[in-house]
Amino acid sequence: MICRENALISVVIPLFNKSYSALNCIDSVLSQKKLPCEVIVVDDGSTDDSLSVVRSKYSNSQLVSIFSKSNGGVSSARNFGVSKAKGDFVAFLDADDQWDPEFLLEVESALQRFPCAAIVGAGHYINIIGEGGRCNRYSKILSQFKSTSPVENYFDVAKNASVLNSSKVCVSKKLLESVGGFPEGACVGEDIYVWTRLCLESDPVYIPKSLATINVQEDDSRNARGGKMFIAIQKIDEIMLCAEAAGKSKEVLSYLKLLHLKHSVLLLVGGYKKSAIAQAEFIKCYSFRYYVITRLLAMVPFNIIKYLKGIGRL
């Protein structure tokens, strides 16, 4: 665990085909009341004009560093950015999201209040962008936290709430590197896998204020995830070994079983029955019950699964 009172914070922004939002994203970082020591933008082989749009505005900025690499996925881009980071801590922000001006100020305050903290998360706004650009924005804050506090029961809380997210988290660079960074090649749940590994090493600190806006809309990067298995379930053996060493086997397994079930339903709703069954094989030796439930759900007609998901019964 790392103890720092005035830690430097680097910001890493992975960029892929987000020319429509990248400038707003970066501007939200440069508008912080407490600026980071650097902003690292990593273009991951965009096929639109994302890179040229960013370069045209920030190529002369002393704070913004722009890198371009061949496409390797978001984990690859984040890891590349971390490798370039000079700060003790790294804050991540996806290129279609934004921070409120107080985000880094609140993160720094949390690090000072809890000098041994290695992970800091916050509340956020969800901005659902529908047809014609219509937006539905609402706040998501964990109501059980009245002030900035450590989350000692992370795996219980995270079952039904967002404590950490790739656009509202700041982590110790040293701790992140110690767990191997983000799993490259993973398309679904790569961030949740990392938060799981990190929170087995250190309790996160949570700021109960909505300090980031997460925009939800369909684009190429989101559509590419269809049919992919959840990486945390594929790596369940590794995670459970770490959980056993941390004395948290029971709560971590309970958390992973729920993740598996939720993602299996999404796979089935998407018509990816084979992927749902294949994912169940990873959890079979840890919970035969959840394996059987998945196999039974896979036998239910697609339209019924979709209906049950739509009315909140799955």
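Q: Where does Lys235 lie?
A: Lys235 sits in the loop between helix 9 (231–234) and helix 10 (236–246). Helices here are DSSP runs of H or I with at least four residues, strands are runs of E with at least two, and both are numbered from the N terminus. This is a predicted model, in which local features need pLDDT of at least 70, side-chain atom pairs count only at pLDDT 80 or more, and totals for chains, interfaces and linings use all residues. Residues are numbered from 1 along each chain as its sequence is written, and side-chain values use heavy atoms, with hydrogens and water left out.

Q: Why does Lys235 count as partly exposed?
A: Lys235 counts as partly exposed because its relative accessibility is 28%. Buried means under 20% relative accessible area, exposed over 50%, and partly exposed in between (1.4 Å probe, protein chains only).

Q: Which residues is Lys235 in contact with, leaving aside neighbours within four places in sequence?
A: Those are Pro183 and Tyr193; contact means heavy atoms within 4.5 Å.

Q: How far apart are Lys235 and Val82 in space?
A: They are 22 Å apart, C-alpha to C-alpha, and 153 residues apart in sequence.

Q: Turning to Ser172, is it buried or exposed?
A: Ser172 is buried, because its relative accessibility is 0%. Ser172 belongs to strand 9 (residues 169–172).

Q: What does the side chain of Ser172 reach?
A: It reaches the backbone nitrogen of Leu175 at 3.1 Å.

Q: And where is Ile128 placed?
A: Ile128 is in strand 6 (residues 119–129), and at 35% relative accessibility Ile128 counts as partly exposed.

Notes. Polar contact = N/O pair within 3.5 Å; in protein donor to acceptor, adjacent residues only side chain to side chain.
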